[in-house]
Amino acid sequence: MKKVVIKTQDELALMRESGRLLAKVFAYLDPHVKAGVTTMQINNLVERYIVDELQARPSSKGQYDYPYVLNASVNEVVCHGFPNEKCVLKDGDIVNIDITLEKNGFLADSSKMYMIGAVSPLATRLVNKTQEALWHAINMVKPGVRLGDIGNAIANFAHQQGYSVVKEYFGHGIGQEMHEGPDVLHYGKKNTGLVLKEGMTFTIEPMINQGTAKIKTKPDGWTVVTRDKKLSAQWEHTLAVTSAGVEVLTLREEEQHFLNRLS
């Protein structure tokens, strides 16, 4: 059982700064994720920006012997997609870019879906509904809420849209360590699970499949794909539980309208 670490106000301030910087990484990256670019080019751009411009550390690189600074998961890849100089993004692709960043000893973790060029209506719907699922969950976060209720809400929302939820991977506590407690499942039973308290920090990162929830890992030991080869989507934010509810530490400017719904 991983320990749940309650953050002090000083520690939250450091996490807030890491989250702010990670949001800047995505803003920098946005115009570069397009048809004709390889996922390795994206990896290299992000590494240079984090290290040279932000004087921070891309914390995925070297963790658990992972060799790159981000995951680039294209189409049927659920998560942990290796950047590859042979993987050229093309019109109609969807891709999840998942990045972690460390500054002053504290981590932030976030991912975003990109739709490349003219994307099919079915793929667009999956991407948008997965983002809605994340924000539906974020909207619930406040002291006294149980994690089982949040997981239950995500799964119910996904199932209502005709999708399935990957159960093998889930959100996690985060701070000075990438994977602290609690585990944040994207399914669950109401009135069960850990009770949220002010000062908890964790990610919510639902992985939602167009087809069945069945997945498999490729021979590289990292890349996870859907067994039926149908599309998968994921969005992720790092959050802090506050006395007033929730703070989205990795909030990106274009998501302000989602945040406005919380107030």
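Guide: Let us begin with the pocket. On a 1 Å grid over the protein atoms alone, a cavity is a set of points where a 1.4 Å probe fits but cannot get out, whereas a pocket is an open set with protein on both sides within 12 Å along at least five of seven lines. Lining residues have an atom within 4 Å of a point. Grid points are joined across faces, edges and corners, and a volume is the space filled by probe spheres set on the points. The model is predicted: local features need pLDDT of at least 70, side-chain atom pairs count only at pLDDT 80 or more, and totals for chains, interfaces and linings use all residues. Residues are numbered from 1 along each chain as its sequence is written, and side-chain values use heavy atoms, with hydrogens and water left out.

Visitor: What is the volume of the largest pocket, and which residues lie nearest its centre?

Guide: The volume is about 460 Å³. The lining has 23 residues, and Tyr64, Asn71, His80, His172 and His179 lie nearest the centre. Strand E3 (94-103) and strand E6 (171-173) each supply at least two residues of that lining.

Visitor: Why is Thr130 called buried?

Guide: Buried means under 20% relative accessible area, exposed over 50%, and partly exposed in between (1.4 Å probe, protein chains only). Thr130 has a relative accessible area of 0%, and is therefore buried. Thr130 is found in helix H3. Contact means heavy atoms within 4.5 Å, and Thr130 touches Pro206, Ile208, Ala233, Gln234 and Trp235, not counting residues up to four places away in sequence.

Visitor: Why are Ala244 and Gln55 called exposed?

Guide: Ala244 counts as exposed because its relative accessibility is 78%. Gln55 is exposed because its relative accessible area is 52%. Ala244 lies in the loop between strand E13 (237-242) and strand E14 (245-248). Gln55 is found in the loop between helix H2 (39-53) and strand E1 (70-74).

Visitor: How do you know that the span of helix H4 is close to the expected one?

Guide: The expected span of a helix is 1.5 Å times one less than its number of residues. H4 (residues 147-160) has 14 residues and reaches 20 Å from its first C-alpha to its last, close to the 20 Å expected. H4 is mostly covered, with 11 of its 14 residues buried; among them are Leu147, Ile150, Ile154 and Phe157. The elements covering these buried residues include H3, E5, strand E7 (180-184), strand E8 (201-204) and E9. Just after H4, Gly162 takes a positive phi of about 90°.

Visitor: What makes E5 and E12 edge strands?

Guide: E5, E9 and E12 form an open antiparallel sheet in the order E5-E9-E12. Strand E5 (164-165) and strand E12 (232-234) are the edge strands: each pairs on one side only. Strand E9 (residues 207-209) pairs with E12 over 3 bridges in the antiparallel sense, and Met207 stands opposite Gln234 in E12.

Visitor: At what angle does helix H3 run to E12?

Guide: Axes are lines fitted to C-alpha atoms, for helices over the stretch in contact, and angles run from 0 to 180 degrees between N-to-C directions. Helix H3 (residues 121-138) lies across E9 and E12, and runs at about 35° to E12.

Note on methods. Pairing = 2+ DSSP bridges. Helix = DSSP H or I, 4+ residues; strand = E, 2+ residues; numbered from the N terminus.
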